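Q: Could you take me through one part of this fold closely, beginning with the sheet and ending at a single side chain within the sheet?

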Amino acid sequence: MDELIATAEDYLAASNAHDIARIRPMLAANCCYRSAGVGRHDGTDAIMAMMQSFFAANPDVHWDARNYQRQANRVVFDFRITLASGTSSGREEIHFNEAGKISRIVVQS
């Protein structure tokens with residue numbers, strides 16, 4: 001299996017487990033996160049704070065992903081998110097730096 005796809009799958013599994021301690025080392029220090037749902041967050045600390053707040057507010061959140069595709073230094077996949085308020089779907093891009101750390105996450109609904 002492709003190493004970047006495996007890392008993207010591990011990131012999603014950690015997100016489903018709400019395990020931000022497992023997510024933190026996957027992120028580059030200058031990582032950025034972009035999402036219409038939760039906004040713009042720059043840097044690991046800001047992303048961790050956002051995730052902690054999001055998971056606390058949405059304890060039953062779960063993502064189902066499919067169609068993982070590697071495109072150069074990024075992995076793109078389709079997802080379906082389930083929240084207490086319902087479900088929606090979108091597409092996510094996870095970009096990686098040369099060291100294999102996540103450098104950018106873009107969530108499109």
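A: In this predicted model, six strands make up an open sheet of mixed pairing, arranged in the order 2-1-6-5-4-3; strands here are DSSP runs of E with at least two residues, and helices are runs of H or I with at least four, both numbered from the N terminus, while two strands count as paired if DSSP finds at least two bridges between them. The edges belong to strand 2 (39-42) and strand 3 (62-71), and because each has a single partner strand, one side of each has no neighbour in the sheet. From one strand to the next, the twist averages 15°. Strand 5 (residues 86-96) and strand 6 (residues 102-108) run antiparallel and are joined by six bridges, with His95 standing opposite Arg104 in strand 6.

Asp78 lies in strand 4 (residues 74-83), and it counts as buried because its relative accessibility is 17%, where buried means under 20% relative accessible area, exposed over 50% and partly exposed in between, with a 1.4 Å probe and protein chains only. The side chain of Asp78 makes polar contacts (pairs of N or O atoms within 3.5 Å, where within protein one must be able to donate a hydrogen and the other to accept it, and residues adjacent in sequence count only if both atoms are side-chain atoms) with the side chain of Asn67 at 2.9 Å and with that of Arg91 at 3.0 Å.

Residues are numbered from 1 along each chain as its sequence is written. Local features need pLDDT of at least 70, side-chain atom pairs count only at pLDDT 80 or more, totals for chains, interfaces and linings use all residues, and side-chain values use heavy atoms, leaving out hydrogens and water.

Notes: Axes fitted to C-alpha atoms, helices over the stretch in contact; angles between N-to-C directions.
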